[in-house]
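Please read them with the coordinates open.

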Amino acid sequence: MNLLPLFAHADDRRDACLETGLPPGESPDHDLACHRACEPAMPTLSESLGRAANRHHCWSVEEFHRMAQSGLLDETDRVELIGGELVEMAPIGSRHAFLVDRLAECLGSDPFASPMVRVQNPIVLDEPSEPQPDITLLKRANHADRHPTATDVLLIVEGSHATLEYDRDVKLALYARDGVPEVSLFDVTAGELTVYREPIEGQYRLLRKPTTSEATAALLVPGVGIAWAEVV
């Protein structure tokens, strides 16, 4: 077996031989000695497992759907596809659930409003991602054959309890990159609402925190909004 190609250049082989104390060509086993002196130590089991864990597959939306169709995932598996990774969704606490229900009532209370209100159902984004926002206001259309995309979305409402930092730093950036025009993020613990608008280059340029007594109208849906005092 020729071991010399393991070293990129002749100079590297010479330097390796000097480390062994064997002048080049002095011993018939000189090449093998050089290789043994310079080959890296075998990784431990924990190191190997760590390296394997760092190599993850970037799942596509189609693969994500096939996992559900084949039974690898079912409705009891609370996972989202975020940036090609399967992310386990946090359990929904009673206060979080109550606020989502109240917000859905407020946003869907106008019988003359045209948007469709969806609660904790998927939308498809690029990168690839398929998050499940707490509430989505959509342009009214038939979505029986496909999930809505960002171009169908008028407003997203996300509630955060233990996942506030993740929702703000990761999911909000996804929505901005896909051009979702408006996102309202409510902090379940603090009882605060933050409204994000004007997505530009993966960030929302406009941010405001309405007071509890202030009603917030949806940007693209006249007559529909959030009266935070009535919700909390």
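1. Over which residues does pLDDT stay under 50, and how many contacts beyond four places in sequence does the model have for them? This is a predicted model, and residues 1–22 are such a stretch. The model has 22 contacts beyond four places in sequence for residues 1–22. Residues 30–39 also have pLDDT below 50. Beyond near neighbours in sequence, residues 30–39 have 20 contacts in the model. Where pLDDT is low, the predicted coordinates should not be read in detail.

2. For the chain, the mean pLDDT is 79. Of its residues, 74% reach 70 or more.

3. Just after H4 comes Gly71, with a positive phi of about 95°.

4. Is Glu158 buried or exposed? Glu158 lies in strand E5, residues 153–160. Its relative accessible area is 4%, and the cut-off for buried is under 20%, so Glu158 counts as buried. Leaving out residues up to four places away in sequence, Glu158 touches Pro133, Asp134, Lys171, Tyr175, Ser184, Leu185 and Phe186. Take Phe186 from that list. Glu158 and Phe186 are 28 residues apart in sequence. In space, their C-alpha atoms are 6.4 Å apart.

5. Arg197 is found in strand E7, residues 192–200. Its relative accessibility is 13%, under the 20% limit, so Arg197 counts as buried. Which side chain does Arg197 meet in a polar contact? The partner is Glu182, and the polar contact between the two side chains is 3.0 Å.

6. Glu182 is also among the residues in contact with Arg197, once neighbours within four places in sequence are left aside. Pro181 is another of these contacts. The list also holds Tyr204, Arg205 and Leu206. Thr216, Ala217, Ala218 and Leu219 complete the set.

7. For Arg197, the side-chain partner to inspect is Glu182, at 3.0 Å.

Note on methods. Residues numbered from 1 in each chain as written. Predicted model: local features only at pLDDT ≥ 70, side-chain atom pairs only at ≥ 80, totals over all residues. Heavy atoms only, no water. Helix = DSSP H or I, 4+ residues; strand = E, 2+ residues; numbered from the N terminus. Buried < 20%, exposed > 50% of the residue type's maximum accessible area, 1.4 Å probe, protein only. Polar contact = N/O pair within 3.5 Å; in protein donor to acceptor, adjacent residues only side chain to side chain. Contact = heavy atoms within 4.5 Å. pLDDT = per-residue confidence, 0-100.
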